[in-house]
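Thanks for coming, everyone. Please look at the sequence and the structure while I talk.

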Amino acid sequence: MDSMLIRELQSYAEENYKIRVRVCRLWRGKRIHPERNDGLHCVLVDERGDAIHGIVSEANYSSVSGKLKQGEVYLISDFYVRDSQEDYKVVDNSIQAHFNGKTKFKLLHNSFPQIPQHRFYLLEYNQLQDRIDKTDLLTDLFGCVKSIMPIEEVNTRDGPESKCEITLQNLRREQIRVTLWGNSARKVDIETIESLPPPVLMVITSLKVRQYKEMPAPSNTSHTSIFINPEIPQAEPYKIEFSKATDTIKKLPPPCKQLTAAEVEKQDKTTVHQLNRLNPQKYKNQLVYCEAFISRFSTHDGWWYEACPQCYKQLTVKKNSDLRVCLDHSMQIPLPCYRMHATIEDPNSEATIKLKGKPAEQLFGITCRELIDSEANDFIVKGVFPSTKNQPSASTPAHPLYDRKRSVDKGRRQLFATNPDKKPRREGSTESATSSTDTRNKEKRD
């Protein structure tokens, strides 16, 4: 029997198929809850460029794993074709090929017609918005590597986990940030990537797309693979566009270690009086911990601003138009971000800090966008009230939170409805982990 094309295969057929294909992707399957191995997976492509997901179960892994090598062409027979699952498909095909210990893999040399080296399902960055929360077919992205955030350990609901962020740029110089977790993050060889001559091109496969801060946020799945400088037709214009001396990979500083509540408890803390006396320049690259109450808020300078979704800097209005522009990332859709002043105090002194970004979201229990977009005239915002025990916390008070109604006048950008005849009421207690960028007045953005 002659070999068949992938498009000619039918699920659950009695026929013993043969296919001539290239193994263009090969990876060890992983399950997360609980974490365990999940067999061997591959993407096979034929001479027409059609692809199929090949699967070896964990039970058959030891008898098949040594028979396949990524990049090689095989004549494969004695396998089964079944329907694909509805979600998390790595290729656009309704069927899958399942292999076991009886499956035959014959290595072919100088096989003709030629078979492509790769098969990706690449999306343009402006198509990602339509892929948010859709997992029927996973997303492949391609671009020039502009920056890599060093691998860090962060606290998640499932415990500490490795995290790495890679920023890609397309031919229009649009950027997208891809977040890798777990094994996918640990496999990124940052030193090797940074040592390569520019441009460094990358394909990241099998991503899921969520929404974060009003922007598409791709992240890895257990099927994600990374290809550096792949030989694909799309690479040629990138090599020309990103051949400038300035198109090197930006080395980002290591992120600050995220402390747990127990670790924060052990940190040395300043009093508010000491906080006021610190020199911001001297503590520019240090974190300062201060235990205090939030006594009041001030919105004299507004309580939010229009930020660039990529760098969070304030956007400026383009002359003679209503368009918002970032100096570093050109025209952008504004992202509302908190920015307000809060007065903190202890029994002996008080100081003013600036609340921005995620710390403010944690405090109020709602994002700035959600607050602005709320259709209700009155809505519930988490209020923070004094605690008799005055115990510190990593980000929010350890004592119970209460709901307090607040009203918003969107036109005047007023967050808190106040009565000038009443004295300000103490809003709560918290531990302020202020940054040294402006120790007295500013809290570093998370």
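**A walk through the model**

Of the 446 residues in the protein, 44% are buried. Keep in mind that this is a predicted model. The secondary structure comes to 8 helices and 24 strands. Now the contacts. Take those between residues at least 6 apart in sequence: 65% of them join residues at least 24 apart.

Let's begin at strand β1. Strand β1 covers residues 18–31. Which strands does β1 pair with? One is β2, residues 36–45, antiparallel, over 8 bridges. Another is β4, residues 73–77, also antiparallel, with 5 bridges. V23 stands opposite L44 in β2. K18 stands opposite S77 in β4.

Stay in β1 and find R25. Is R25 buried or exposed? R25 has a relative accessible area of 0%, so it counts as buried. Leave out residues up to four places away in sequence. R25 then touches H41, C42, V43, Q70, V90, R119, F120, D140, T205, S206, S225 and F227. One polar approach stands out on my list. A polar atom of the R25 side chain lies 2.9 Å from the backbone oxygen of R119.

Two of those neighbours are F120 and F227. That takes us to aromatic pairs. The whole structure has 9 of them. F120 and F227 have ring centres 5.3 Å apart, and their planes meet at 65°, so this pair is edge-to-face. The cut-off for that class is over 60 degrees. F120 has 11% relative accessibility, and F227 has 10%.

Next, charges over rings. R119 lies over the face of Y121, 4.2 Å from the ring centre. Back in the R28 region, the charged end of R28 sits over the ring of Y61, at 3.5 Å from its centre.

On to H98, in strand β6, residues 95–99. Its relative accessible area is 17%, so H98 is buried. The H98 side chain makes a polar contact with the side chain of Q96, at 3.4 Å. Not counting residues up to four places away in sequence, H98 touches I55, F79, Y80 and R82. Look also at G54. The C-alpha atoms of H98 and G54 are separated by 5.8 Å, though the two residues are 44 apart along the chain.

Now the largest nonpolar core. How many residues does it hold? It has 23. The members touching the most others are L275, W303, Y338, I344, L355 and F364. Several elements each supply at least two residues: α6 (272–276), β15 (287–298), β20 (335–345), β21 (350–356), α7 (357–364) and α8 (368–373). In soluble globular proteins, nonpolar side chains tend to be buried together.

F297, W303, W304, Y338 and F364 are linked by ring pairs into a cluster. Pick out Y338 and F364, both of them buried. What kind of aromatic pair do Y338 and F364 form? A tilted one, with 5.4 Å centre to centre and 50° between the planes. Y338 lies in strand β20 and F364 in helix α7, so the pair ties together parts 26 residues apart in sequence.

Strand β20 also holds T343. T343 is at 10% relative accessibility and so counts as buried. With residues up to four places away in sequence set aside, T343 touches F293, I294, S295, R296, E350, A351 and T352.

Last stop, an open sheet. Its 3 strands run in the order β17-β18-β19, with antiparallel pairing. Which strands are the edges? They are β17 (316–317) and β19 (330–331), each pairing on one side only. Between β17 and β18, residues 324–326, there are 2 bridges. In one of the pairings, V317 has R324 in β18 as its bridge partner.

That's the tour. Questions, please.

Conventions. Residues are numbered from 1 along each chain as its sequence is written. This is a predicted model: local features need pLDDT of at least 70, side-chain atom pairs count only at pLDDT 80 or more; totals for chains, interfaces and linings use all residues. Side-chain values use heavy atoms; hydrogens and water are left out. Two strands pair if DSSP finds at least two bridges between them. Helices (H or I, at least four residues) and strands (E, at least two) are DSSP runs, numbered from the N terminus. Buried means under 20% relative accessible area, exposed over 50%, partly exposed in between (1.4 Å probe, protein chains only). A polar contact is a pair of N or O atoms within 3.5 Å; within protein, one must be able to donate a hydrogen and the other to accept it, and residues adjacent in sequence count only if both atoms are side-chain atoms. Contact means heavy atoms within 4.5 Å. A nonpolar core is a set of buried Ala, Val, Leu, Ile, Met, Phe, Trp, Tyr and Cys residues joined through side-chain atoms within 4.5 Å. Rings of Phe, Tyr and Trp (its six-membered ring) pair if their centres lie within 6.5 Å; planes under 30 degrees apart count as stacked, over 60 as edge-to-face and the rest as tilted. A charge sits over a ring if NZ of Lys or CZ of Arg is within 6 Å of the ring centre and within 35 degrees of the ring normal.
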